[in-house]
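Subject: Structure for you to look at

Hello,

Here is the structure I said I would pass on. Please open it alongside this message, as my notes follow below.

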Amino acid sequence: MKRTGKGILDIIWYIIVFALLQYVCLVLTATGNMIAGGKSAAQITDALLQGSFGLGSTLIIVATILSSLLTLVLFVWRGWAPVSRTYLRSKPWAVFAWVTILAVGTIIPSEFLVEQVDIQLPEPTQQLFEGILSEPLGYVAVGIFAPLVEELVFRGAILRTLLRFFSSRMHWLPIIISALIFGALHMNWAQFIHAFLIGLLLGWMYYRTNSILPGVLFHWVNNTIAFVLYHLTPSMADGKLIDLFNSSQRTVWLSLLFSFCLIIPAIYQLALRMKRNGFGHEIINN
């Protein structure tokens with residue numbers, strides 16, 4: 001019972017630290033920006049208390065990158081997500097190839113599902129995303145650091161801890177719990193649906209490989225495609241699939257069919273190639 005209680009406290013602590021670092025870096029960046037702008041200490045204090053950070057897209061990206069770096073260093077330094085090269089030494093190139101195919105295949109079905117639920121991103125969140133994606137430096141935040149940090153925290157630390165308290169026959173329960181936490185911390189329903197479903201796949205890959213590398217690759221492909229599509233069709237940032245396919249519902253259905261032609265064999269191949277070999281000591285490989 002004590003061990004379980006400690007595990008729950010550890011998970012709560014990981015979540016608090018992850019969220020707190022993001023907030024602190026935003027405050028520090030906003031404070032530095034206001035100091036550079038010549039504002040007095042009283043004005044800065046008043047703005048921070050009101051939550052008026054006044055940060056543009058570039059400074060938000062800088063704050064995000066800073067919090068990502070601090071998260072990486074802290075979680076590895078404290079041993080919350082141990083480091084090992086074991087999985088990479090097994091030369092899992094076929095797994096990486098199929099993970100890439102799976103990531104590509106999930107893009108359209110995930111967007112289609114969110115559209116069917118008909119939940120829109122909050123306007124401030126939509127504007128924030130568009131601002132970040134419009135900046136070249138934004139790719140460093142969403143395409144490089146986000147996959148690594150989120151996998152390190154949610155799979156390498158949180159799911160790793162959860163798996164200790166369930167038998168192998170109950171492994172889907174900690175995977176579901178970690179996916180729910182992953183979705184909830186996106187703090188809006190539109191992203192929750194996508195993050196929860198993707199979190200299930202990421203958790204399964206972590207459980208089977210005992211490494212966050214497949215998840216980092218999946219996450220990187222997903223975020224990179226979003227970044228590239230935004231720059232190819234910026235007007236589609238808040239559009240729907242039918243708009244992307246020139247108002248052709250038939251093309252939407254064909255794209256979904258094609259996606260499942262990627263997803264089904266990818267999951268089958270990964271189930272064959274990802275051999276579960278225990279968990280709890282080999283998390284990130286570099």
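Predicted model: local features only at pLDDT ≥ 70, side-chain atom pairs only at ≥ 80, totals over all residues.

Second largest pocket

The second largest pocket holds about 190 Å³ of space. Three helices each supply at least two residues of its lining: α5 (93-117), α9 (189-209) and α12 (249-273). Of these, α9 gives the largest share, with five residues. If you want to find the site on screen, select Leu102, Thr106, Pro109, Ser110, His194, Leu197, Ile198, Leu200, Leu201, Phe260, Ile263 and Ile267, which line the pocket. By type, nine of the lining residues are nonpolar and three are polar, while none is charged.

Ile8 is partly exposed because its relative accessibility is 48%, a value between the 20% limit for buried and the 50% limit for exposed.

Salt bridge

How many salt bridges does the count come to? The count is one salt bridge. Its partners are Arg155 and Glu151, whose closest N and O atoms are 2.7 Å apart. Both residues belong to helix α7 (residues 138-163), where they are four residues apart, or about one turn of the helix. Arg155 and Glu151 are both buried.

Two positive phi angles

Most residues other than glycine have a negative phi. Two residues are worth checking against that background. Lys91, which is not a glycine, has a positive phi of about 55°. Lys91 is in the loop between α4 (86-89) and α5. Asn210 is also a residue other than glycine, and its phi is positive, near 60°. Asn210 is placed in the loop between α9 and α10 (213-232).

Are these residues buried or exposed? Lys91 has a relative accessible area of 60%, so it counts as exposed. Asn210 has a relative accessible area of 0%, so it counts as buried.

Two distances along the chain

Thr86 belongs to helix α4. Its relative accessible area is 33%, and Thr86 is therefore partly exposed.

For Leu162 and Val140, which are 22 residues apart along the chain, the separation of the C-alpha atoms is 30 Å. Leu162 is in helix α7, the helix that also holds Arg155 and Glu151. With a relative accessibility of 9%, Leu162 is buried, since the limit for that class is under 20%.

Those are the notes I have on this model.

Regards

Methods:
Residues numbered from 1 in each chain as written. Heavy atoms only, no water. Buried < 20%, exposed > 50% of the residue type's maximum accessible area, 1.4 Å probe, protein only. 1 Å grid on protein atoms, 1.4 Å probe; cavity = no way out; pocket = protein on both sides within 12 Å on 5 of 7 lines; lining within 4 Å. Points joined across faces, edges and corners; volume = space filled by probe spheres on them. Nonpolar A, V, L, I, M, F, W, Y, C, P; charged D, E, K, R; others polar. Salt bridge = Lys/Arg side-chain N within 4 Å of Asp/Glu carboxyl O.
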